Amino acid sequence: MVFGTLSLGIGLLLLALALGLWLWSRSLEAEAGLPEGEVIYTDTATWFGNHEVLVAHDLRLAGKPDYLVQEPDGMIVPVELKSGKAPPEPHEGHILQLAAYCLLVAANYNVRPDYGIIQYKDHAFAVDFTPELEEDMLDLLAEMRADLFASNVDRDHNDWVRCTRCGVRGQCDQRLG
Ligand code: SF4
């Protein structure tokens, strides 16, 4: 009888724990502004690190999106979280990063996303993965691959803050600030 009561107590405890974990994960998903669907990949909000890097070998592209959500119709939507407040429009660099994740989804899941989401601290933007955006991203990747073998590459911005935070500023003869 005591054993039966103990088993029941443990069972209820496990049930409460499972319910708590489920509610916790749902609240994290809601906070992250995820669309309706199943989270099939996450590089954030996990107890253990995710070591699965998505790779598109032909493009020499690799990355880890914050979330991939599979919608009920099978569409897979990458979601990228940004800690800062939302600008009036998403930054170009963030759009291109999202486009890169769309390419990685296409290469790894055989599904071409129609769009992705950039979730800033206070606002989310749905960004269409248009053929034009895909073309821009492919052009940029081609340029980057070409630059890998160039002896010198010109700075492509005037953002001294970026240079201040750059890990190779000590070796860069084009640094600002
Ligand atoms: S320090 Fe050089 S490599 Fe780094 S961001 Fe500035 S220009 Fe680019």
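In which loop is the place of arginine 60? In this predicted model, arginine 60 is placed in the loop between β2 (54–56) and β3 (61–63), where helices (H or I, at least four residues) and strands (E, at least two) are DSSP runs numbered from the N terminus. Local features of the predicted model require pLDDT of at least 70 and side-chain atom pairs count only at pLDDT 80 or more, whereas totals for chains, interfaces and linings use all residues. Residues are numbered from 1 along each chain as its sequence is written.

The phi angle of arginine 60 is near 55 degrees, a positive value in a residue other than glycine. Arginine 60 counts as exposed because it has 11 C-beta neighbours inside 10 Å; a residue is taken as exposed if 12 or fewer other C-beta atoms lie within 10 Å of its own, as buried if 20 or more do, and as partly exposed in between, with C-beta atoms placed from the backbone. A positive phi, of about 60 degrees, is also found at asparagine 110, which is not a glycine. Asparagine 110 lies in the loop between α2 and β6 and, with 8 C-beta neighbours inside 10 Å, counts as exposed.

The protein chain contains 4 helices and 7 strands, which follow one another along the sequence as α-β-β-β-β-β-α-β-β-α-α. Of its 177 residues, 18% are buried. Among contacts between residues at least 6 apart in sequence, 59% join residues at least 24 apart, a contact being a pair of residues whose C-beta atoms, placed from the backbone, lie within 7 Å.

An open sheet of mixed pairing is formed by 5 strands in the order β1-β4-β5-β6-β7, two strands being paired if DSSP finds at least two bridges between them. Strands β1 (38–42) and β7 (124–128) stand at the edges with a single partner strand each, so that one side of each has no neighbour in the sheet. From one strand to the next, the twist averages 25 degrees. Helix α2 (residues 92–109) packs on the sheet, where it touches β4 (67–70), β5 (76–81), β6 and β7, and its direction makes about 145 degrees with that of β5; axes are lines fitted to C-alpha atoms, for helices over the stretch in contact, and angles run from 0 to 180 degrees between N-to-C directions.

Strand β6 (residues 115–119) and β7 run antiparallel and are joined by 5 bridges, with a hairpin of 4 residues connecting them. Tyrosine 115 has aspartate 128 of β7 as its bridge partner, and glutamine 119 stands opposite alanine 124 in β7.

The ligand is surrounded by Arg155, Arg162, Cys163, Cys166, Val168, Arg169, Cys172, Gln174 and Arg175, a residue being near a molecule if its C-beta atom, placed from the backbone, lies within 6 Å of it.

Key
Two residues are in contact if their C-beta atoms, placed from the backbone, lie within 7 Å.
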